[in-house]
Each structure stands twice: as structure tokens, then as C-alpha cells.
Amino acid sequence: MRSIASASIPSTRMRWRGTDEIRIDPNMTSPLKKVPVARVTRGMYVHKICGKWLDHPFWRGSFLVEDDETLATLRTLGNQEVWIDTAKGADLPPEAPPAPPPPAQADRRPEPPRSAFGMDYAAAEAVRERARIAVMALFQQARMGKALSMESAAEVVDEVNEAIARNPAAMLSVVRLKNKDDYTYLHSVAVAALMIALGKRLGYAGEALKQVGIAGLLHDIGKVGVADAVLNKPGRLSPLEMATVRQHPQIGWDILSRESAAGPMALDVCLNHHERTDGTGYPNRLSGDALSEIARMGAVCDVYDAITSDRSYKAGWEPAEAIRRMAEWQDGHFDRRIFHAFVKLIGIYPTGTLVQLASQRLAVVLVQGSGSALTPIVQLICTLPDRKPLEPEALDLEASDDSIVAIEDPAHWDLDIPALLRA
Ligand SMILES: [Fe+2]
Ligand SMILES: [Fe+2]
């Protein structure tokens with residue numbers, strides 16, 4: 001440490017008055033600026049530290065902030081201020097323009113900060129929307145007999161993959177919600193997301209995982225060959241209509257086989273996602289070893305998303321109900337190992353399930369917990385039966401005496417589940 005006696009002499013443009021005040025000639029445009037320590041950056045010239053500089057670790061009042069070490073030492077001064085000399089060093093960056101005032105609303109209240117889950121949920125909604133638009137364009141290209149923009153399909157898959165890496169529960173619950181008009185497009189996005197999440201569990205990574213996602217995204221591209229009136233028909237299909245619907249895997253395979261960028265997985269899933277392990281599926285009644293792992297994955301993800309979605313001819317089942325029914329069908333329909341991996345992924349009480357707790361409280365499932373599938377992390381909503389609102393606190397049922405006693409239908413409670421999850 002150098003001697004205090006070597007402290008620099010103050011600038012001639014100033015007179016010292018005490019130790020922490022500087023007077024500046026009002027007729028001059030001074031290069032000196034008083035700034036909080038937190039705004040000092042490398043390259044600035046510190047003319048003087050406000051306060052009793054003898055107390056500071058700096059041996060002299062003026063110095064160039066040359067390196068990170070000096071900056072770090074300066075930052076230890078906390079919320080004190082310094083004078084910087086902009087003639088000898090860097091100036092402050094220009095101030096960002098002030099944010100526009102909020103729109104005047106008499107009853108506007110400050111919005112509470114979003115939870116981390118809420119932010120991931122909102123981000124997942126944005127990904128779903130961009131993906132929906134890209135899938136609509138792909139279907140339109142197929143309808144017109146044009147080449148598919150496979151690059152766009154790959155970009156969608158990358159974005160969905162990132163959203164799943166960030167928060168799988170948020171992305172998978174977002175893609176389940178669809179309106180009836182956009183069913184086919186959103187179903188494609190949902191199957192891509194489910195395939196990616198399941199693929200990761202089964203050990204796919206990198207380029208192979210990307211191909212799994214593209215296979216999910218394009219599995220129903222052959223539906224462009226089936227009339228909308230048939231696809232959206234309420235009620236039972238006639239045998240002829242059913243035969244038309246059953247052509248969509250082959251139509252899709254024909255479309256994708258013209259695309260050099262569509263890999264073998266996309267072709268396989270497109271053709272075989274309606275096959276069943278017992279040989280009762282379509283179009284080729286494949287069974288046993290003739291069905292690849294990727295086709296079996298496609299079958300599970302496709303059925304789950306189809307039965308949990310509202311359609312023109314039926315309301316979707318709650319995810320928990322869907323898993324229960326699929327478990328009943330699994331022998332014959334699905335590959336047992338793949339179905340079990342899928343149940344682990346979705347959970348018995350998937351994200352967004354409305355549940356009644358033993359403590360007479362209503363809650364919504366946020367994410368699967370670290371322990372049993374029966375003990376997810378839930379967010380409290382209200383007391384029962386008097387419906388007194390509760391603080392939206394997250395409760396880990398694994399670490400609680402409380403437990404789920406029933407699944408509730410959100411429609412009976414007039415609750416907007418996405419809004420709850422987004423908060
Ligand atoms: Fe299909
Ligand atoms: Fe499908």
C-alpha cells in the first residue's frame with residue numbers, strides 16, 4: 001500500500017471545502033459528473049470519491065479504473081458516489097428514454113410479479129402461437145402441392161425443444177389447450193412437444209431428437225387429403241367417410257416421400273402412427289417387430305393428445321382420466337414400456353389438473369414433484385366448500401400431510417386454469 005502523503009492534488013478548477021464537497025466554476029462546462037459507484041465502469045476516470053476518502057481503500061483521490069479488480073474494490077463502497085472526470089476517461093452511457101406512462105385507468109392496480117412458472121407458461125404460450133402459424137403454412141404448402149419448408153419445421157422444433165428444456169410441465173400443459181377450429185395445427189404442435197419430451201426420456205438427443213420432433217409435427221400432414229367436412233363432422237362417420245380418414249397416413253407418406261429433407265423417422269411416424277401393437281390398427285395392420293420404436297412413440301403421443309382435446313364431436317377428457325383410460329387399453333394398443341415412460345412424463349395428476357385436497361382446499365397441479373406421481377406440487381386456490389380465496393402458495397404434497405382426494409372439473413368451478421398457471 002502506497003503512502004497517503006502521495007495523494008493527488010485537487011484540480012485547479014476547484015477549491016476544496018472540507019473533504020466531500022467540490023465547487024465547480026459555473027461559467028465552465030465541467031467535465032466532472034457525480035455518479036453512484038454502481039454506475040462506474042472500466043475506463044472511467046474517478047476524480048474524487050465522495051465521503052472521507054482517507055477511509056477508503058484507495059490511496060489517492062484520482063485514478064483511472066483500468067481493470068476489474070479496481071472496479072470491484074470501488075464497488076465495495078456500496079451506495080456512495082464519486083466524481084468522474086469525462087475529459088480524462090469514459091463518460092456515462094446515454095440514459096435510456098423513460099418508459100411511457102401506463103394508460104390512465106381509474107381502477108388500475110399494480111400487477112403482482114409473475115412467478116417463475118408463470119413466466120415459463122407465458123413463454124410457452126408464445127412458442128405455441130408461433131408454431132401454430134408455421135404449421136398452418138406447412139399444411140397450406142402441402143394442400144397446394146408445393147415443397148414443404150422443412151427449414152421452418154426444423155426451427156419450430158428447435159423452439160419447442162428449448163421450451164421443453166426450460167419447463168416441460170409448462171410447455172406440455174400449454175399445448176393441450178386448443179380451440180376446435182385450429183385443432184389439426186395445434187394437435188401437430190402438441191404431438192411434436194410430447195414426442196420431444198418422451199424422446200428425451202427414452203435417451204434421444206441432438207439431431208435424433210430433432211428428427212423425433214419433426215416426425216411429431218408432420219405426422220398428420222396427410223389430413224390435407226381429407227375434406228374438412230369429414231374431419232370436423234360432429235357425430236359418427238359413415239363407413240365411406242371412415243375409409244377416407246384412414247387414408248391420411250398413406251397420403252402423408254406420399255407427401256413426405258417427395259421431400260428429401262424429411263428423414264426416415266418422419267416417414268415412419270406419418271405412415272404408422274395409427275398402427276396398434278396387436279395388429280388391429282391401420283393402414284397396414286402391422287404388429288410386433290414390424291413396428292419401430294418411433295412409430296410406437298407416435299401412437300401413444302397421438303392418442304393422448306387426441307383424447308384430451310375438445311373436438312367438434314366430443315369434449316376432451318381431463319389428462320388424468322385420459323391416462324387412466326389409456327392404461328386400460330395399453331395391452332394391444334400401446335407398447336407397454338413406452339406407455340409407462342409416457343405416464344412418468346405426464347404424471348397421474350398432470351399439470352393443470354384441478355384437485356380437491358384432504359384439507360378441504362381446492363388447488364391446481366403445477367408440476368410433478370420429486371417423489372411419487374401421487375404427490376405433485378400444487379398451487380392453492382380456495383377453501384371448500386365456502387370458496388374463500390387463498391394466497392396462491394405452492395404446496396409440495398411430497399413434504400406435506402395433505403393429499404389429493406378427488407379430481408375436479410374446471411367447468412364446474414368457472415375457473416380459468418391457464419390464467420391461474422400464467423400468474
Ligand atoms: Fe393421424
Ligand atoms: Fe394425429
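The iron ion (ligand 2) is held by H187 (NE2), H219 (NE2), D220 (OD) and D302 (OD) at 2.0 to 2.3 Å. Donors here are N, O and S atoms within 2.8 Å of the metal (3.2 Å for Na, K and Ca), and water is not among the atoms, so sites may look incomplete. This is a predicted model, in which local features need pLDDT of at least 70 and side-chain atom pairs count only at pLDDT 80 or more, while totals for chains, interfaces and linings use all residues; side-chain values use heavy atoms, without hydrogens and water. Residues are numbered from 1 along each chain as its sequence is written, and chains are lettered from A and ligands numbered from 1 in the order in which they are written.

The arrangement around the iron ion (ligand 2) is irregular because its 4 donor atoms subtend angles of 81 to 176°. For comparison, four donors count as tetrahedral if all angles lie between 85 and 135 degrees; four count as square planar and six as octahedral if opposite donors are over 155 degrees apart and all others between 65 and 115; anything else is irregular. Along the sequence, the donor residues of the iron ion (ligand 2) follow the spacing H-x31-H-D-x81-D. H187 lies in helix α5 (residues 183-201) and D302 in helix α11 (residues 293-308), so this pair ties together parts that are 115 residues apart in sequence. Helices (H or I, at least four residues) and strands (E, at least two) are DSSP runs, numbered from the N terminus.

H187 is buried, at a relative accessible area of 1%, and D302 is buried as well, at 4%. Buried means under 20% relative accessible area, exposed over 50%, and partly exposed in between (1.4 Å probe, protein chains only).

D220 bridges the iron ion (ligand 1) and the iron ion (ligand 2), and the two ions lie 3.4 Å apart. D220 is in the loop between α6 (206-217) and α7 (228-231) and H248 is in helix α9 (residues 248-257), so the pair ties together parts that are 28 residues apart in sequence. Both D220 and H248 are buried.

## Helices and the overall fold

The protein has 15 helices and 9 strands. Of its 423 residues, 46% are buried. Among contacts with a separation of 6 or more, 62% join residues 24 or more positions apart; contact means heavy atoms within 4.5 Å.

Helix α5 also meets helix α13 (residues 336-346): their axes come within 10 Å and cross at roughly 110°. Axes are lines fitted to C-alpha atoms, for helices over the stretch in contact, and angles run from 0 to 180 degrees between N-to-C directions. The two helices are therefore roughly perpendicular to each other, a term for angles of 65 to 115 degrees. In α5 the residues L194, A197, L198 and R201 take part, and they meet I338, A341, F342, K344, L345 and I346 in α13.

Helix α4 (residues 168-176) is largely enclosed by the rest of the structure, because 8 of its 9 residues are buried. Among them are M171, L172 and R176.

## Loops

P283 is in the loop between α10 (264-272) and α11. P385 is in the loop between β7 and β8.

L390 also lies in the loop between β7 (377-383) and β8 (394-396). L390 is partly exposed, at 27% relative accessibility. Apart from its neighbours within four places in sequence, L390 is in contact with R361, L380, I381, C382 and T383.

Q360, which is not a glycine, has a positive phi near 60°. Q360 sits in the loop between β5 (354-357) and β6 (361-367) and is partly exposed, with a relative accessible area of 39%. D414, another residue other than glycine, has a positive phi near 55°. D414 is in the loop between α14 (410-413) and α15 (417-422) and counts as exposed at 75% relative accessibility.

Key. Angles under 35 degrees count as roughly parallel, over 145 as roughly antiparallel, 65 to 115 as roughly perpendicular and the rest as oblique.
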